[in-house]
Amino acid sequence: MEKLFSLGNTPEFIALLDNTVRALHSAGNAADVRFFLFFKIFVDDVDRSREMYTHKHTQKKQFKKASMILSKFKEHPTMYRRVPFILEKTQLMQTRFIACQVMDIAISQRWKAMEDAEKGGIKNYLVNKIISLSHSENSLKQHRALISKMNHALVAILKFDWPAKWPTFVSEMVKSAKGNEILCENNVNILQLLGEEVFDFSKDQMTSAKARAMKEQLKNEVGQIFELLIHVLRHSKRVSLIIATLKTLQKFIPWIPLHFVFETDLMKLLVGRFFRVSQFQRETLACLTEIVGLQSPLVQQKYLNQIRT
């Protein structure tokens, strides 16, 4: 297994990595230990018991070795450069998740030290890979877990580069979402993750100056995001896209200018269309709760009657 670190980007490297990952996931299982104890107590075949014990002991050693090697693998300072090759060549989902963890660690620990060209290559790869995996219904279903991990990696990059080094990100997300409802669904999910990072988690994960800059930028661009969300709610019949849109809308309601909430057909859509449908009731109720809880004095002065009705 140690040979893993000396091999280049070859089929042998992928095969060895996959085998190491399999060793991690197939050994050291507590359920196997409990089964062995049951077997030992209730079965009189001593030879079989001894054979089973030896097998489990070997598995446990393999588990410890695989765990140690994969920990080193994920922390290796240049292994992130091999993530695209791994994702393209392995057929093992667990190996793809390991590759995403390598990328996550590199972004969180080494992003600032990377050259701009290398950062650009990683961003382009993530964006293009997400788009390619989100282009069709079958692909989205097959790769949903992997896409989710790559979405989180993309948002982790935004915490470093947006808005200063990637000022067009939101407009790119909105523009690319308009031509394909399946891609739109994933873009809406990314915008929700961005909103959570900026509005919910920024206090604990960023400097105050960085958090302020991201909040101000998102407030400036929230109009674009709202236009995308309201377009989906007006026109889409795709259930999963509508649910994703309602979840994202809930996250942005406290930051959307009040005239978008009260002077468009948003309230009519929420109350008159989506709250009546059981599939959408929970997310719609969450949006309406956010609206009722808006604290602006203007709500009391101008829009209170609309809320009450």
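C287 is buried, with a relative accessible area of 0%. This residue belongs to a predicted model of a 309-residue chain in which 44% of the residues count as buried. The chain has 16 helices and zero strands.

**Cysteines**
- C100 also falls under the 20% limit for burial, because its relative accessible area is 6%.
- Zero disulfides turn up in a search of the whole structure.

**Chain as a whole**
- Among contacts with a separation of 6 or more, 70% link residues 24 or more positions apart.

**Start of the chain and helix α1**
- Helix α1 covers residues 11-26, which makes 16 residues.
- From first C-alpha to last, α1 reaches 22 Å, close to the 22 Å expected at 1.5 Å a residue.
- The buried residues of α1 are F13, I14, L16, L17, D18, T20, V21 and A23.
- In an α-helix, residues three or four places apart point the same way, because there are 3.6 residues a turn.
- L7 sits in the segment before α1 and is buried, with a relative accessible area of 12%.
- Leaving aside residues up to four places away in sequence, L7 touches E12, F13, L16 and R82.
- R82, another partner of L7, lies over the face of F13, at 3.8 Å from the ring centre.
- F13 also belongs to an aromatic cluster, which it forms with F5, F73 and F85.

**Aromatic pairs**
- The structure holds eight aromatic pairs.
- One of them joins F226 and F260, whose ring centres are 4.9 Å apart; the planes stand at 25°, so this pair is stacked.
- F226 lies in helix α11 (residues 208-235) and F260 in helix α13 (residues 258-262), so the pair ties together parts that are 34 residues apart in sequence.
- F226 counts as buried at 2% relative accessibility.
- F260 is buried as well, with a relative accessible area of 16%.
- The rings of F274 and F280 have centres 5.5 Å apart and planes at 80°, so this pair is edge-to-face.
- Both F274 and F280 are buried.

**Charge over a ring**
- Besides R82 over F13, K123 lies over the face of W166.
- The distance from K123 to the ring centre of W166 is 4.9 Å.

**A position in α15**
- I291 is part of helix α15, which spans residues 281-292.
- I291 is buried, with a relative accessible area of 1%.
- M267 is 24 residues from I291 along the chain, and the C-alpha atoms of the two are separated by 9.3 Å.

Technical notes
Residues are numbered from 1 along each chain as its sequence is written. This is a predicted model: local features need pLDDT of at least 70, side-chain atom pairs count only at pLDDT 80 or more; totals for chains, interfaces and linings use all residues. Side-chain values use heavy atoms; hydrogens and water are left out. A disulfide is a pair of cysteine sulfur atoms within 2.5 Å. Buried means under 20% relative accessible area, exposed over 50%, partly exposed in between (1.4 Å probe, protein chains only). Helices (H or I, at least four residues) and strands (E, at least two) are DSSP runs, numbered from the N terminus. Contact means heavy atoms within 4.5 Å. The expected span of a helix is 1.5 Å times one less than its number of residues. Rings of Phe, Tyr and Trp (its six-membered ring) pair if their centres lie within 6.5 Å; planes under 30 degrees apart count as stacked, over 60 as edge-to-face and the rest as tilted. A charge sits over a ring if NZ of Lys or CZ of Arg is within 6 Å of the ring centre and within 35 degrees of the ring normal.
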